[in-house]
Amino acid sequence: MLVSNLFIPTRRDDPADAEVVSHKLLVRAGYMRMLARGIYTFLPLGRRVIRKIESIIREEMDRAGAQEILMPAVQPAELWQESGRWEFYGPELLRFQDRKGSDFCFGPTHEEVITDLVRGDVRSYKQLPINLYQIQSKFRDEIRPRAGLMRGREFVMKDAYSFDVSPEAAAVSYEKMRVAYVAICERMGFEFRAVEADTGNIGGSLSHEFQVLAQSGEDLMVACDHCGYAANVEKAELSPVGGDEERVARGTLTRVETPGTRTVAEVTAFLGVRDTDLVKTIVFLADNEPVAVLVRGDYEANEIKVKAFTGAKEVVFAGEATVHQVTGAPVGFAGPVGLGCRVLADHSVAGLTDFVCGGNEKDLHLRDVNFTDFEVEAFADLRKAVDGDACPRCDEGKLRTYRGIEVGHIFYLGTKYSEAMGLTFQDENSKVKPVEMGCYGIGVTRMMAAVIEQNHDDNGICWPMPMAPYQVWLLTLGRMTDELAAAGQKLHDDLVAAGVEVVFDDRNDKPGVKFKDADLIGVPLRLTLGARGLKEGKVELKWRTDSEFTTIDLDTAAQHVAGLVREAMA
């Protein structure tokens, strides 16, 4: 392929709305262009990268026994109403009507469609297990699309769905997909973690996120520095460590005026106490009922764990008006003493005595508070994990925090959708049972961004060989004479014949321009042919990530480079 024939509109300046490296470089290097906020057109280079990623995913999914299909992107509302998600999913679901006034949505995921498909044909245990997948565009109407492909509205996704006769069989399917996802991430060259995670809008009882480690990542996770345990901070299990169990209450509850001190930092500075001697009272709404959660001053309450503990369908932080209604005070002064709602406490406060908390009045806190001064319904793990927490799975390890980009998420759904939508089968005893399901998603376009977040330098992208749009970037130096052009074209043709994907920069342009474009676009191997090298029968070879080049024989360059490519692809 010749650069003069390629549509690669490179730019020297970062796009004004770009926040992360991948967004900047994908636009500057001519891989994509924005159509609307969170919606992008992929140009030839970008499409080639997407196809490379899709190929890796297909190979591993097929190896795991999944079968590819393609479902409609537009879905009728009736299916979502059957599952109960038409209203529950919220404003991210793009809803619209056809000319007859019938309700539809543009699919953000396909649990309803796949369940409807399978229930139309599966009747017997003999037809199970089944695992079906597709690679298709999805749409989620993000309220704040940002970071380019990492939080866009329209994106390419691989979604798979497994169907089994029992929880035990479903666990086998789940494990096959977990292993396949690990293989995909390893082939992509990612530094990543498979972490335990919340099931969110998808539902179910078990899930893992596949997080690519990157400082630009939106997600915070923890991983043990001794064993293999990893989870996002919301899901991470925590041991009941808390305060000193031997402490004895010595003080008596005292009211203290604390004018204008709302935050932990303000209160502790004003009263001269440590944040570990303060108990925060966080008010949640669990299915619209107020619940107060107590956590130590240096920790954060975790709404996901509160949801799991209470069994509520929805848990959200209470707004200012609700806090005032429940406590009688503005935000920042809530406390458990005399509070007229359920009170739950995190394990971190279990051993505290003589602590500080809000007084449920404006500009008022209480000192020397003890658990004899109020009632707690239960103590539980209700906080977010932090760096240095003890590992819940081993005795030696500590949890360490990382930032990550979620590129994949797998779920064991159980019978959530099959029961709601009537997907059943007859077992070997002719008993009718609901099918056990799992679902497994990978963000294809998000993976492209994640690769760049882990593989770039000040000059541009540094593609690993398996995902690179081309494997070799060939350019010539100096004035493009007929002799140089012919030699460059011959080397290009020899590389193609050797099975190498190569681009020949045949432009009659300055070397600096060619070198900058080559580094920006990020093809792994660069060959440079000049007039002097042509006379000597030599060509320069340089890896994108190396600072130095080597000189190889022009006559054998194609076979030499083909060998390097094969090694890098292995």
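This report describes selected helices, strands and loops of the structure above.

## Basis of the description

The structure is a predicted model, in which local features need pLDDT of at least 70 and side-chain atom pairs count only at pLDDT 80 or more, while totals for chains, interfaces and linings use all residues. Residues are numbered from 1 along each chain as its sequence is written, and side-chain values use heavy atoms, with hydrogens and water left out.

Helices (H or I, at least four residues) and strands (E, at least two) are DSSP runs, numbered from the N terminus. Axes are lines fitted to C-alpha atoms, for helices over the stretch in contact, and angles run from 0 to 180 degrees between N-to-C directions.

## Helices α2 and α6

Helix α2 (residues 44–63) and helix α6 (residues 167–187) have axes that come within 9 Å and cross at roughly 150°. The two helices α2 and α6 are therefore roughly antiparallel to each other, where angles under 35 degrees count as roughly parallel, over 145 as roughly antiparallel, 65 to 115 as roughly perpendicular and the rest as oblique. The crossing of α2 and α6 is right-handed; a crossing is left-handed if the near helix is turned anticlockwise from the far one by less than a right angle, and right-handed if clockwise.

On the α2 side, the residues in contact (heavy atoms within 4.5 Å) are Ile56, Ile57, Glu59, Glu60, Met61 and Arg63, and they meet Met177, Ala180, Tyr181, Ala183, Ile184 and Arg187 in α6. Sorted by class, the contact of α2 with α6 has eight nonpolar, no polar and four charged residues. In this sorting, Ala, Val, Leu, Ile, Met, Phe, Trp, Tyr, Cys and Pro count as nonpolar, Asp, Glu, Lys and Arg as charged, and the others, Gly among them, as polar.

Helix α5 (residues 111–119) is largely enclosed by the rest of the structure, because seven of its nine residues are buried. Buried means under 20% relative accessible area, exposed over 50%, and partly exposed in between (1.4 Å probe, protein chains only). The buried residues of α5 are Glu111, Glu112, Val113, Ile114, Thr115, Val118 and Arg119.

In the loop between α5 and β7 (130–139) lies Pro129, which is joined to Leu128 by a cis peptide bond with omega of about 10°.

Six of the eight residues of strand β15 (residues 289–296) are buried, so β15 is largely enclosed by the rest of the structure. Strand β14 (residues 279–286) pairs with β15 in the antiparallel sense over eight bridges, and two strands pair if DSSP finds at least two bridges between them. Val279 has Arg296 in β15 as its bridge partner. The hairpin of β14 and β15 has two residues between the strands, and there Asp287 takes a positive phi near 50°.

β15 also pairs with strand β17 (residues 342–346), in the parallel sense and over four bridges; here Ala292 stands opposite Val343 in β17.

An open sheet of five strands, with mixed pairing, has the order β28-β27-β29-β30-β31. Its edge strands, each pairing on one side only, are β28 (502–505) and β31 (550–553). Neighbouring strands of this sheet are turned by 25° against each other on average, direction ignored. Within the sheet, strand β27 (residues 472–476) and strand β29 (residues 525–529) pair in the parallel sense over five bridges, with Val472 opposite Leu525 in β29.

Helix α12 (residues 482–497) packs on the sheet, where it touches β27, β28, β29 and β30 (538–543), and its direction makes about 175° with that of β28. Helix α13 (residues 511–521) lies across β27, β28 and β29 and runs at about 175° to β27. α12 also packs with helix α15 (residues 557–569) at an angle of about 45°, their axes being 9 Å apart, which makes α12 oblique to α15. In this contact Leu491, Asp494 and Leu495 of α12 meet Ala557, Ala558 and Val561 of α15, giving five nonpolar, no polar and one charged residues by class.

## Two loop residues with positive phi

Asn360, in the loop between β18 (355–358) and β19 (364–369), has a positive phi near 60° although Asn360 is a residue other than glycine. At 11% relative accessibility, Asn360 counts as buried.

Ser430, in the loop between β22 (424–426) and β23 (432–434), has a positive phi near 65° and is likewise a residue other than glycine. At 53% relative accessibility, Ser430 counts as exposed.
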